[in-house]
Amino acid sequence: MTNGDSGDTTALDDPVGESLRGRHADLGRRAGRAATYLPEVATFSAVPAEADAADWADLARLLGRDAFADMFSCPATPPPDWEPVFVLEGRQMIWPADRRPDEAHAAATGTDVVELGEADVPEMLDLAARTRPGPFWPRTRDLGTYLGVRDGGTLVAMAGERLRPPGWTEISAVCTAPEARGRGHAIRLVTALVTRILAHDRRPFLHVAETNTEAIALYERLGFTSRKHVTFRGFRTP
């Protein structure tokens, strides 16, 4: 699957590895060609697509015995003694080159969209636990800027920046509390992040489960296009 985008998308083939070798190097650990985030930041790990036994051994040493290895979209096949934990089909979507956010969506961002800080982490964790937008840990906020919407002082929606391969910033953790859905919070948060990312001369991208057709339709309405199908996989180390 591709949208024919002419921009350089090479870094998006290994977004975790590229992030850990660059903008997020201080948030992870490396051994040889293997890398992983610090446990309270993210569970994502990376090895080269053509990983050999030494690469998997390095990653196993980083993670420890009987540990969870979230390989994200890495296509490499681990050794047989790495126990499969999950497989999830998804897609990678990108913001087309030279596209600007829809003026109507940008105008609707509103003053109630606020930047979330360290003091907001307990509420962010609670919202993520209730809505399950994907992995979210005590230091996930360290990956980038997170924005939220409050209603009566309560955090009811959020979205933020996650992976940072060269030239790109991933939008993630897009979620809204059940009691606050249908009010356009996701549209306003994603639009605000797109505007912010473009202002920093980077391009937005995101990942979504293939079964989440409602989210895919929303992102397409906002202007994202599908770049390729991906398979998310997790394993447990021997």
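Is R183 buried, exposed or partly exposed? I looked it up: R183 has 45% relative accessibility, so it counts as partly exposed (buried is under 20% relative accessible area, exposed over 50%, partly exposed in between, with a 1.4 Å probe and protein chains only).

Ground rules for these entries. The model is predicted, so I take local features at pLDDT of at least 70 and side-chain atom pairs at pLDDT 80 or more, while totals for chains, interfaces and linings use all residues. Residues are numbered from 1 along each chain as its sequence is written, and side-chain values use heavy atoms, with hydrogens and water left out.

Entry, salt bridges. I found 20 salt bridges in the structure (a side-chain nitrogen of Lys or Arg within 4 Å of a carboxyl oxygen of Asp or Glu). R183 and D151 form one of them, at 2.9 Å from N to O. This pair links distant parts of the chain, with R183 in the loop between β9 and α5 and D151 in strand β7, 32 residues apart (helices, H or I of at least four residues, and strands, E of at least two, are DSSP runs numbered from the N terminus). D151 is partly exposed at 42%. I also noted a network in which shared partners join R33, E50, D52 and D55.

R130 and D126 make another salt bridge, 3.4 Å from N to O. Both sit in helix α4, 4 residues apart, about one turn of the helix.

Entry, R141. I placed R141 in the loop between α4 (121-131) and β7 (146-151). R141 is buried but has no salt bridge; D142, the nearest side chain of opposite charge, is 4.1 Å away (Lys and Arg count as positive, Asp and Glu as negative; His and the chain ends are not counted). Leaving aside residues up to four places away in sequence, R141 touches L116, G117, E118, V121, M124 and Y146 (contact means heavy atoms within 4.5 Å).

Entry, nonpolar core. The largest core has 37 residues, of which M158, Y219 and F224 touch the most other members (a core is a set of buried Ala, Val, Leu, Ile, Met, Phe, Trp, Tyr and Cys residues joined through side-chain atoms within 4.5 Å). α5 gives the most to this core, 8 residues.

Entry, α6. I listed A215, I216, L218, Y219 and L222 as buried in α6. Their directions fall within an arc of 160° down the axis of α6, so they line one face of the helix (the arc is that of directions from the helix axis to the C-beta atoms). The face turned away carries the exposed T213, E214 and R221.
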